[in-house]
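Here is a friendly walk through the charged pairs and the symmetry of this model. Have the structure open as you read.

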There are 2 protein chains.
Amino acid sequence: MAQKIKLSTIAESLGLSTATISLALRDSPLVANDTREKIKEQARALGYIYNRRAASLRTSRSGIIGVVVHDIMNPFYGEILKAIETELDRSRHTFILSNHYDSVEKQRTFIETLLQLGGDGVIMSPAIGTPIEDVRLAEQNGMPAILVARSMEGVDLPTYRGDDSYGISLATNHLIGLGHRAIAMIGGTDQTSTGRDRYQGYVDALHRANIEVDANLRIPGPRTMQGGFEAAVYFLSLPQKPTAAVCWNDLVAIGLMNGVARAGLVPGVDISVTGYDDLEQASISTPSLTTVSNGQAEVGRLAARALLDRLEGSHEPDGIHLIKPEMRIRQSTGLYRPRA
Amino acid sequence: MAQKIKLSTIAESLGLSTATISLALRDSPLVANDTREKIKEQARALGYIYNRRAASLRTSRSGIIGVVVHDIMNPFYGEILKAIETELDRSRHTFILSNHYDSVEKQRTFIETLLQLGGDGVIMSPAIGTPIEDVRLAEQNGMPAILVARSMEGVDLPTYRGDDSYGISLATNHLIGLGHRAIAMIGGTDQTSTGRDRYQGYVDALHRANIEVDANLRIPGPRTMQGGFEAAVYFLSLPQKPTAAVCWNDLVAIGLMNGVARAGLVPGVDISVTGYDDLEQASISTPSLTTVSNGQAEVGRLAARALLDRLEGSHEPDGIHLIKPEMRIRQSTGLYRPRA
DNA sequence: CTGAAAGCGCTTACAG
DNA sequence: CTGAAAGCGCTTACAG
């Protein structure tokens, strides 16, 4: 590797000062047009690489934004990230990504690393059990935080997520409308706000239809395709003989349908199944999945915008911003028919 | 936010010099045990945050490693990334991730950003059409590059990927062994080394079995579940009435099976389908997918190790390191039976 | 075992 | 419109 090119290299080669070079490269109107062009030309010719660390040490702005979610391999988060990426790209921010796999430790390490790098802000879907201090750590060191997909009690941060309780009630009502009565709820956990809200939405919908809530019809836990697949056997063996399942998300629903099919029953005919999220693969599963659109793209876009606005000084109101979910009716749900 | 705590803050509060503080925090043996403990204690008490930008400006090592692949939402890359993450985590490196979506521009912007941040190295799955200069740009500025999943002609970089030609021949031979003769190849592109190698492996396997290669049985393009799903109609309408399909990857295969099922045929019985990659979802699709394990985890792990080794000065040999693929036989392939 | 001083490569008032 | 100088917060020889 050749001699390192820096501002002073360019300055000397042109007989100017580093101040002028610096200003020119950042398109300051303080530099004459001719000079600016000459400087940019020379920078290109020499293969100059801007040293952001030096700049950011001086300005205390790094252009780095951190994003930490449960698992980027989960397409639900993937779709949120894609929207965030699109939004940040156009503002020339670099984003640093991490999974926390619901480990509070891993999440804290990430926040600390981000602070060390001088991150300008962080978008997070907080890990289960995140202590308030960990979020405060960011804020107190001048790094604003925005929450996505999950809320946190006791902090007043801008939070963008779907209206889970309403969304799950759409799915539950849809099944009730088709004549189902023994409706199981599969997946999710009480440890997240999302989990509690969805279960509550399901319970409320049943109540409104005067259907007794049977706690044994709740199968908590599964959040993945594998989880849904494995839950199928247990689901089918329930003595209540449920004819429908409200699933935690599309992955669980698709896994469950595969499990049901493997057991010789036909999903959408013998067993009605709803998903949640409306992932890209929901419409092409077999049968195509009736689900609830959860507005991931909107969540990501709004969260990124909110953070960028904050960095520019304009202060969006704090608190929870709920995205309205929408029903997507496809082939995985059908009229009630009793189990053989 | 309170007063910024820096080394000198700690130094003054303890009546020591910043040099001592710096050494103590990094566990230098030059500092007495008692002093070190006192310093660490005080750093914690004051809520000191290490400024990596300042340190890296001085040492010209940032602890940042960049990773750029086609699309992190594709589980194939997701599995590679997960392995890289695991490996880098234990060496306390931060990794910056980006998709290039096969845009050479986006990829170059990423490399430039990484250089500006003083990245220590980069792991990349090069975008289609990547010019050699873009990779050289990294190397010439002291940022070693490692390639994964795709090779590049004309550069002598360490490259980790599966043996595609051999892998696809395993799948093709398996179908031939079941009695299939009209075997289509669905998906992929001649624009990547992987695409060319896989097609070649398929052609070679047919030749070896004295089966004439029919160019019309190749349906290039699809790389996603959606793509496989959409290809199903065309595939089923081919006048050669193929009874089997070697798919570009698991996603295409699963999409195709869904499309085949939607058309009223039974995948694994009427139409045999093989995938590639052995993603987690391959074993739980309906029917479970016969596929080729592509060693993603191994690719990611080895690539990360190779980069870390290089950063520590030991020089692994350059060139292509092929991971041996393995056949996974499941339910999506069955004995030949003529199409109705 | 600890300290004083220089320097990493920028940007930003301040002069002119 | 351009330049000289200070300083961002570290680390690293060099002294003692």
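## Salt bridges overall

Across all chains the count comes to 45 salt bridges, each being a side-chain nitrogen of Lys or Arg within 4 Å of a carboxyl oxygen of Asp or Glu. Keep in mind that this is a predicted model, where local features need pLDDT of at least 70 and side-chain atom pairs count only at pLDDT 80 or more, while totals for chains, interfaces and linings use all residues. Side-chain values use heavy atoms, leaving out hydrogens and water, and residues are numbered from 1 along each chain as its sequence is written.

## Pairs in chain A

A:Asp309 and A:Arg305 form a salt bridge, with their closest N and O atoms 3.2 Å apart. They sit four residues apart in helix H12 (residues 296-311) of chain A, so about one helical turn separates them; helices here are DSSP runs (H or I, at least four residues), as are strands (E, at least two), numbered from the N terminus.

A network of salt bridges also links A:Arg161, A:Asp164, A:Asp197 and A:Arg198.

## A pair in chain B

B:Asp270 meets B:Arg337 in a salt bridge at 3.9 Å, N to O. B:Asp270 lies in the loop between helix H11 (250-262) and strand E9 (272-274) of chain B, and B:Arg337 in the segment after strand E12 (326-328) of chain B, so the pair ties together parts 67 residues apart in sequence.

## How the copies relate

Chain B can be laid on chain A with an RMSD of 0.0 Å by a turn of 180° and a shift of 0.0 Å along the axis, superposing by least squares on the C-alpha atoms of residues with pLDDT of at least 70 in both. The two copies are thus related as by a two-fold rotation axis.

Conventions:
Chains lettered and ligands numbered in written order.
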